Amino acid sequence: MLFCVLAVLVRAGALKRPGLILGAFAIGYAVARSVCELFREPDAQLGFLWGGMTMGMLLSVPLLIAGICLVAFALRRQPLGST
């Protein structure tokens, strides 16, 4: 699913904005990992952490934030090839 979304972005011209594809991948991976963590048993030694979140969900938060920052940075810059 993530590959298809990235392929659509590439065909729409996202490669003209450096960082957009990487940011979109980071966001998509973080969201997919968090959704998958809903169906897994938490680690036996850790259990559930803050507010019912697992360690996988907590580790996805910085990746999600980094992806959002990359996408915002890429959208603020001028596209390559435009003057």
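Student: How does helix 2 pass helix 3?

Tutor: A crossing counts as left-handed if the near helix is turned anticlockwise from the far one by less than a right angle, and as right-handed if clockwise. Here helix 2 passes helix 3 in a left-handed crossing. This is a predicted model, where local features need pLDDT of at least 70, side-chain atom pairs count only at pLDDT 80 or more, and totals for chains, interfaces and linings use all residues. Residues are numbered from 1 along each chain as its sequence is written, and side-chain values use heavy atoms, with hydrogens and water left out.

Student: At what angle do helix 2 and helix 3 pack?

Tutor: Axes are lines fitted to C-alpha atoms, for helices over the stretch in contact, and angles between N-to-C directions run from 0 to 180 degrees. Helix 2 and helix 3 (residues 55–76) pack at about 155°, and their axes are 7 Å apart. That makes helix 2 roughly antiparallel to helix 3 (under 35 degrees is roughly parallel, over 145 roughly antiparallel, 65 to 115 roughly perpendicular, the rest oblique).

Student: Which residues make the contact?

Tutor: Contact means heavy atoms within 4.5 Å. From helix 2 they include Leu-20, Ile-27 and Glu-37, and from helix 3 they include Met-57, Leu-64 and Leu-75. By class, this contact has 17 nonpolar, five polar and two charged residues. Ala, Val, Leu, Ile, Met, Phe, Trp, Tyr, Cys and Pro count as nonpolar, Asp, Glu, Lys and Arg as charged, and the others, Gly among them, as polar.

Student: How many helices and strands does the chain have?

Tutor: Helices (H or I, at least four residues) and strands (E, at least two) are DSSP runs, numbered from the N terminus. This chain has three helices and zero strands, giving the pattern α-α-α along the sequence.

Student: What about aromatic pairs?

Tutor: You describe a pair of aromatic rings by the distance of the centres and the angle of the planes. Rings of Phe, Tyr and Trp (its six-membered ring) pair if their centres lie within 6.5 Å; planes under 30 degrees apart are stacked, over 60 edge-to-face, the rest tilted. The structure holds one such pair. The rings of Phe-25 and Tyr-29 have centres 6.1 Å apart and planes at 25°, so the pair is stacked. Phe-25 and Tyr-29 are four residues apart in helix 2, about one helical turn.

Student: Is Phe-25 buried, exposed or partly exposed?

Tutor: Buried means under 20% relative accessible area, exposed over 50%, partly exposed in between (1.4 Å probe, protein chains only). Phe-25 is partly exposed at 38%, and Tyr-29 is partly exposed at 39%.
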